[in-house]
Amino acid sequence: MNDKKERGLATQEKALTQYLDSLLMEIPEATFDEPVTELKTSAENIAEVVVEQRVTEVSDTAADIIHQSAAVEAANVANDTPVWGKRPFKALFFNVGEITLAAPLEKLGGILTECDEIKVIPGNTARYLGVILHRGQTVRVINFEHLVAELSGEPLSSAGDALLPPNRIVLIEGGSIGIACRHVDEVETVGPTDIRWRSGTTKRPWYCGIVVAKMCALLDIDVLLTILNEEHAHG
Amino acid sequence: MNQKAVNPQDEVLQWVTFKLEGEAYGINVMQVQEVLRVSEITPVPGAPAYILGIINLRGNVVTVLDTRMRFGLSVYETDDASRVVIVESKGNVLGILVDSVAEVVYLRSSEIETAPNVGNDESSKYIQGVYSNEGNLLILVDVNKLLSNDEWQEVAEF
């Protein structure tokens, strides 16, 4: 019995001590909690504001830089650049003889492999290898090296004489004309500043610039088509 | 003492000398930007025969002249000694292919003779003068006249 009483008293004393201790412990916490939270909140707000401002400043600066670089690019791109060349575009690179050419993909109509089906037409000029039927349409197949030699009035290069039979025919817009070529390389995205544009020239108007990284001529398909169709109409 | 009186107007010019088919030629050093080993020269479709092609010179497209053809000399395969001399004229930059580059020589204006009129060949108009020393002849080329105005313009558009 006595043991039980002593254990009960001890427990009460212990509980009271813990309660008082807890009260004593809570006082400082209660005193400093709110200001610290406020300070934290203020600091967080300031940090957020600063970060937001910086992000805004950075985004403004980035926007300025992008805007400025776009302006510089636009200034560098000549006014008589084809419409498709005023923004990044996909270009197909292909080999004609020893020459690599590039053409904007959007101006091409496909690639044919049936080169052994090219029919030579009696009286063909050297610029045409012949014709091929594709989806019910007659495609005139160009020997590009002979064509540029004729158009530019320059003699055919030795590479032209050694032109091997074509492996591919690159159809140009509309599909009525195809350029015979040995290899079709790849399609790459090219930006307006990747090209050294030609301007104000009447010589070789069918090529509008050089793709500097590849050092190859970029064809102006629209001009080439116009020349060929005009000559075809008159021929 | 055998001292010559020096004319203050007798300026000394520096000439970069190079070889073509065994003959020595010189071009004014002020018009030479640099001398390059022959790298890949990309042919340009429809280009005039005297243009070999284009090279990429640190991101810039430079047209290369077939100097032998321009001078009416025989065709020559390039070798290790061949060089492309980058010259500047009329605001345009042009590469001229030569068999080899020799040295830089200093010549007084008074030592340069006018080009002898030995024919009406087109090539003779490119010659500014000649310098002879102990039987050796140095033909001085006028870079500005290597191409006509139209040709310079065309070169700029490659």
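How many bridges join strand 1 (residues 12-20) of chain B to strand 2 (residues 23-28) of chain B? Six, and the two strands run antiparallel. The points below start there.

1. Basis. This is a predicted model, in which local features need pLDDT of at least 70, side-chain atom pairs count only at pLDDT 80 or more, and totals for chains, interfaces and linings use all residues. Residues are numbered from 1 along each chain as its sequence is written, and chains are lettered from A and ligands numbered from 1 in the order in which they are written.

2. Hairpin in chain B. Strands 1 and 2 of chain B form a hairpin with two residues between the strands. Glu21(B) takes a positive phi near 50 degrees in this hairpin. Across the pair, Val16(B) has Ile27(B) of strand 2 as its bridge partner. Strands count as paired if DSSP finds at least two bridges between them.

3. Tyr25(B) stands opposite Ile139(B) of strand 10. In general, strands of a sheet pair through backbone hydrogen bonds, either parallel or antiparallel.

4. Chain B overall. Two helices and ten strands make up its secondary structure. Both kinds of element are DSSP runs, numbered from the N terminus: helices are H or I with at least four residues, strands are E with at least two. Along the sequence the pattern reads β-β-β-β-β-α-β-β-β-β-β-α. Of the 158 residues in chain B, 28% are buried. Buried requires 20 or more other C-beta atoms within 10 Å of the residue's own, exposed 12 or fewer, and partly exposed lies in between; C-beta atoms are placed from the backbone. Among contacts in chain B with a separation of 6 or more, 55% link residues 24 or more positions apart. A contact needs C-beta atoms, placed from the backbone, within 7 Å.

5. Lys90(B) has a positive phi of about 50 degrees although it is not a glycine. Lys90(B) sits in the loop between strand 6 (83-89) and strand 7 (92-98) of chain B. It is partly exposed, with 13 other C-beta atoms within 10 Å. In chain A, Met215(A) also has a positive phi, near 50 degrees. Met215(A) lies in the loop between strand 10 and strand 11 of chain A. This residue is partly exposed too, with 19 other C-beta atoms within 10 Å.

6. Sheet in chain A. Six strands form an open sheet with mixed pairing, in the order 8-1-2-11-10-9. Strand 8 (183-190) and strand 9 (195-197) of chain A stand at the edges, each with a single partner strand, so one side of each has no neighbour in the sheet. Neighbouring strands of this sheet are turned by 30 degrees against each other on average, direction ignored. Axes are lines fitted to C-alpha atoms, for helices over the stretch in contact, and angles run from 0 to 180 degrees between N-to-C directions. Within chain A, strand 2 (residues 99-104) and strand 11 (residues 216-219) pair in the parallel sense over two bridges. Leu101(A) has Ala217(A) of strand 11 as its bridge partner.

7. Interface. Contacts involve 19 residues of chain A and 14 residues of chain B. On the chain A side, helix 2 (144-152), strand 10 (207-211) and strand 11 each give two or more residues. Helix 2 of chain A supplies the largest share, three residues. The chain A side divides into ten nonpolar, three polar and six charged residues. Ala, Val, Leu, Ile, Met, Phe, Trp, Tyr, Cys and Pro count as nonpolar, Asp, Glu, Lys and Arg as charged, and the others, Gly among them, as polar.

Terms used: Two residues are in contact if their C-beta atoms, placed from the backbone, lie within 7 Å.
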